[in-house]
Amino acid sequence: MKARTPCAEESQERNILSLEKTKNSSFWKLCSRTISVHCLQVISPMCHRSKVNPPASIGVANHVSKMVNPNRIDYGRMHAPYSINSSIEYSLLCFPCSLPIGVCYGLNGNNLPPPSEVVGLYKRSGIEFIRLYEPRSDVLEALRGSGLAVALCPANEDLANIAQRPDAADAWVNTNIAPYMSDVLFRWIILGNEVIPGPLANYVPAAIANTRNSLAAIGLANVTVTTAIPGNALEASYPPSAGAFSSDVTDVMIAVAGILASSGAPLMINVYPYFSYASNPSQVSVDYALFAATTPVVTDGSFLYYDLFDAMVDAFHAALEKIGYPGLRVAIGESGWPSAGNDPFTSIDNAMIYNRNLVNHVLTNGTPRRPGEIMETFLFAMFNENLKQGAVEQNFGFFYPNMNPVYPFW
């Protein structure tokens, strides 16, 4: 028997209560001292305006950047004329989100805290989006009533079955979504994490379509269904305007982009300037990688690039334009910087600087190619995970497994 779908009024009431509970979080206080923005229009298609229709290019004012990191200003590279001293007041009813920032919760460790304690840590830290890489029942149980907005991925090995059999998609949804939907806020389902390119790539479009239909059947048609792709899906990325998908994935990306565009869902991309910098430090400066350049590093026609992150994201924008989808939005499925494992490129200082500047940047700017688009962003990752391969991969966490911070951030 399928779980009862809560009515819109019940869902709204629950979301408002959750939002009120999270206003005491440290990250909420950090921003609400400066402005009152619960959720930007671009965060979620499920947000409903109740007072003001902000302009499409609106971003959180530059002084939020200084609140998140008092030692850094975003160089004044705002894409609209903001007033530093203005107080922007928008009243929005939406999923419980103060800011479009989340953190990925990986489970590749044998010393990680119980899920109930992890959920508590998210809430104490003011992190309101959580990305899960597998539908573990203990984690989903811990999320009941938490108010966290959840991005959930089926295991990659389930992708082919979900794509080839609609009843398998129904079974996956009825097992992993329906039993929890009354008190877990499912915001995204991500079909395939970095399977494009690869042998599972061709299953992605059908898996997205079947999962959308299965969610609609239980009353969750508004959940965003997408996929997450890595940088090596591009065969060219420099300069950003040359961005193009590799020939072996172009057809599947046309299919994926078409189905995402039909529902208004963004394409998730995993973006890691660290790897580009660490693999080629003679050509990529640390300032360019850490959002610290004060003059343009790359000039691409009329577009000026001060940071590698924007250049990498705009290469995807250019690739989408080339396959006929210039309006398809992107969201950041993963981005982060390791604190150890590959000196001198990895360090606590570099990790802290990158992640703070990344948050500042995505809250205040789009990219040169898409200046009006604030991107939902998931930082990687919540914990250092000791079962991942290699020292670098084990040290992306904001927290040690004992839940002490690797560096002050939240």
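Helices (H or I, at least four residues) and strands (E, at least two) are DSSP runs, numbered from the N terminus. The model is predicted, so that local features need pLDDT of at least 70 and side-chain atom pairs count only at pLDDT 80 or more, while totals for chains, interfaces and linings use all residues. Residues are numbered from 1 along each chain as its sequence is written, and side-chain values use heavy atoms, with hydrogens and water left out.

**Exercise 1.** Decide whether helix 12 is largely enclosed by the rest of the structure.

*Solution.* Buried means under 20% relative accessible area, exposed over 50%, and partly exposed in between (1.4 Å probe, protein chains only). Since 13 of the 15 residues of helix 12 are buried, the helix is largely enclosed.

**Exercise 2.** Locate Leu358, and find its contacts beyond its neighbours within four places in sequence.

*Solution.* Leu358 lies in helix 13 and, at 0% relative accessibility, counts as buried. Taking contact as heavy atoms within 4.5 Å, Leu358 touches Phe291, Phe309, Ser335, Thr377 and Leu379. Of these residues, Phe291 is 67 residues from Leu358 in sequence and 7.5 Å away in space, C-alpha to C-alpha.
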